[in-house]
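Subject: Structure handover

Dear colleague,

Please find the sequence and the coordinates below. My findings follow directly after them.

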Amino acid sequence: MKITQFDVTPIQRRGLILQIRTDEGLTGIGAPMNYEHGRTIERAIRDMSDYLIGKDPRQIEDHWQVLFRSSYSRQMPILLAALSGIDMACLDILGQSLGAPIWRLLGGSVRQKIRVYSSTGGPEPEKYAEGALRAVERGFTAVKMCPFPEPVRFIDTPAMVDKTIRRVAAVREAVGPQIDVALDFHRAVSPAMARMVLPELEPLKPMFVEEPTHPENVDALLEIAQSTSIPIATGERNTTRWGFREICEKRAAAVLQPDIRHCGGILEMRKIASLAEIHYLSIAPHSASDPLGVVASVHAMAGVPNFLIQEYGGGNGEELFHEPLTFQDGFVELPEGPGMGVTIDEQKLEALRITEWGQRSSRRHPEDDSVNDI
Ligand SMILES: [Mg+2]
């Protein structure tokens with residue numbers, strides 16, 4: 001079997017769909033990350049396709065090794081986004097060629113279904129609470145919220161701290177103690193500010209606090225983790241095993257959140273999960289907007305013993321697939337079809353296709369117009 005063609009389609013909600021076609025009529029699908037640099041990632045896929053066209057798509061690990069290790073700039077997330085999409089699409093082709101879902105090829109499952117969470121927004125406390133209740137009514141048993149929807153100063157006022165606590169308290173009060181409430185600080189908070197807020201959040205018992213500060217400095221994260229009883233989560237911006245090594249070794253977080261669309265793909269996600277496992281850390285894959293990313297994560301997590309929960313931002317994919325995921329009572333079922341277990345409905349793909357790449361978004365403090373992290 002030989003790879004013959006690469007097609008990349010930018011779609012709404014910052015998605016990219018990669019389709020790798022073969023001379024035997026099989027087409028594999030992958031979801032490379034697409035945030036601010038979709039055009040660059042598309043170009044990176046084209047560059048990698050020069051090497052892959054004519055090769056056997058089932059030699060996935062060997063292709064990954066060549067494309068990663070022969071690259072001078074191998075840890076670049078943009079290149080890893082391209083590589084992640086290629087990994088997914090080739091695994092999809094392998095699964096189709098063998099008539100088995102990807103999760104079975106990875107050793108089968110250690111769980112019957114995958115727990116997922118929904119997100120809720122504000123900015124008023126009652127809006128967060130209403131959204132959380134709607135999610136619970138739909139069957140979710142865990143919700144996530146960002147209690148800092150507006151820019152935060154390096155050290156902000158007691159009023160800002162109170163507002164933050166009220167938002168989380170409103171959700172906890174609405175859903176009760178049986179529902180998990182996760183918080184995402186979205187890396188927009190300084191370590192000093194995080195340490196002001198976290199002690200007051202502890203009585204509300206969040207499931208975890210995600211990116212409580214900027215993610216680049218592991219020691220800053222460690223300092224926060226050691227200051228609170230709330231489990232700390234991070235990792236949506238990290239790539240490959242090497243990108244998670246220091247967090248694991250220092251145990252600077254309790255929950256790792258690799259995103260399968262740029263961490264290196266399904267096989268690399270499994271290796272990151274194993275690294276986390278030996279440090280007694282859990283995995284909660286990031287997937288904010290893309291349904292194929294959710295599907296690929298489900299395959300990766302089916303056999304991972306230290307899996308915690310999956311983000312479900314992309315939903316079940318009914319707007320893209322012939323066979324959307326089955327969601328019930330807070331869980332999705334493992335796809336039983338061959339390969340990815342979902343196939344692209346070309347008419348739906350055309351309806352989602354975008355022709356303009358969109359503007360870079362930014363967030364500025366209203367008082368002095370200074371740039372905040374987003
Ligand atoms: Mg996040």
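The crossing of H2 and H3 is right-handed. Please bear in mind that this is a predicted model, and that every value in this message is computed from it. The axes of H2 and H3 cross at roughly 165 degrees and come within 10 Å. Because angles over 145 degrees count as roughly antiparallel, H2 and H3 are therefore roughly antiparallel to each other. On the H2 side, the residues that meet H3 are Ile-60, His-63, Trp-64, Leu-67 and Phe-68. On the H3 side, their counterparts are Leu-83, Asp-87, Cys-90, Leu-91 and Leu-94. By class, the contact of H2 with H3 consists of eight nonpolar residues, one polar and one charged.

Domains

The chain is divided into domain 1, residues 3-101, and domain 2, residues 104-338. Taken over C-alpha atoms, the centres of domain 1 and domain 2 are separated by 26 Å.

Overall dimensions

The chain contains 12 helices and 15 strands. Its C-alpha trace spans about 65 × 45 × 45 Å along the principal axes. For 374 residues, a compact globule would have a radius of gyration near 21 Å, and the 20 Å found for the chain agrees with this.

Two packed helices are described by the angle between their axes and the distance between the axes, and I report both quantities for each pair.

Helix H9 (residues 240-250) packs against helix H10 (residues 266-278) at an angle of about 15 degrees, with the axes 9 Å apart. That angle makes H9 roughly parallel to H10. The crossing of H9 and H10 is right-handed. From H9, Thr-240, Arg-241, Phe-244 and Cys-248 take part in the contact, and they meet Glu-268, Lys-271, Ile-272, Leu-275 and Ala-276 in H10. The contact of H9 with H10 has five nonpolar residues, one polar and three charged.

How do the axes of H10 and helix H11 (residues 291-301) cross? They come within 9 Å, at a crossing angle of roughly 50 degrees. H10 is therefore oblique to H11. The crossing of H10 and H11 is right-handed. Ile-266, Met-269 and Arg-270 of H10 make the contact with Ala-296, His-299 and Ala-300 of H11. The residues of this contact divide into four nonpolar, one polar and one charged.

Backbone geometry

Two local features of the backbone deserve a mention. Most residues other than glycine have a negative phi, and most peptide bonds are trans. Against that background, a cis peptide bond joins Gly-122 and Pro-123, with omega at about 15 degrees. Pro-123 is found in the loop between strand E4 (113-120) and helix H5 (125-138). Asp-329 is placed in the loop between strand E12 (327-328) and strand E13 (331-333).

With kind regards

Note on methods: Residues numbered from 1 in each chain as written. Predicted model: local features only at pLDDT ≥ 70, side-chain atom pairs only at ≥ 80, totals over all residues. Domains from an automatic or database assignment. Axes fitted to C-alpha atoms, helices over the stretch in contact; angles between N-to-C directions. Helix = DSSP H or I, 4+ residues; strand = E, 2+ residues; numbered from the N terminus. Parallel < 35°, antiparallel > 145°, perpendicular 65-115°, else oblique. Left-handed = near helix turned anticlockwise from the far one by under 90°. Contact = placed C-beta atoms within 7 Å. Nonpolar A, V, L, I, M, F, W, Y, C, P; charged D, E, K, R; others polar. Rg over C-alpha atoms; globule rule 2.2 N^0.38 Å.
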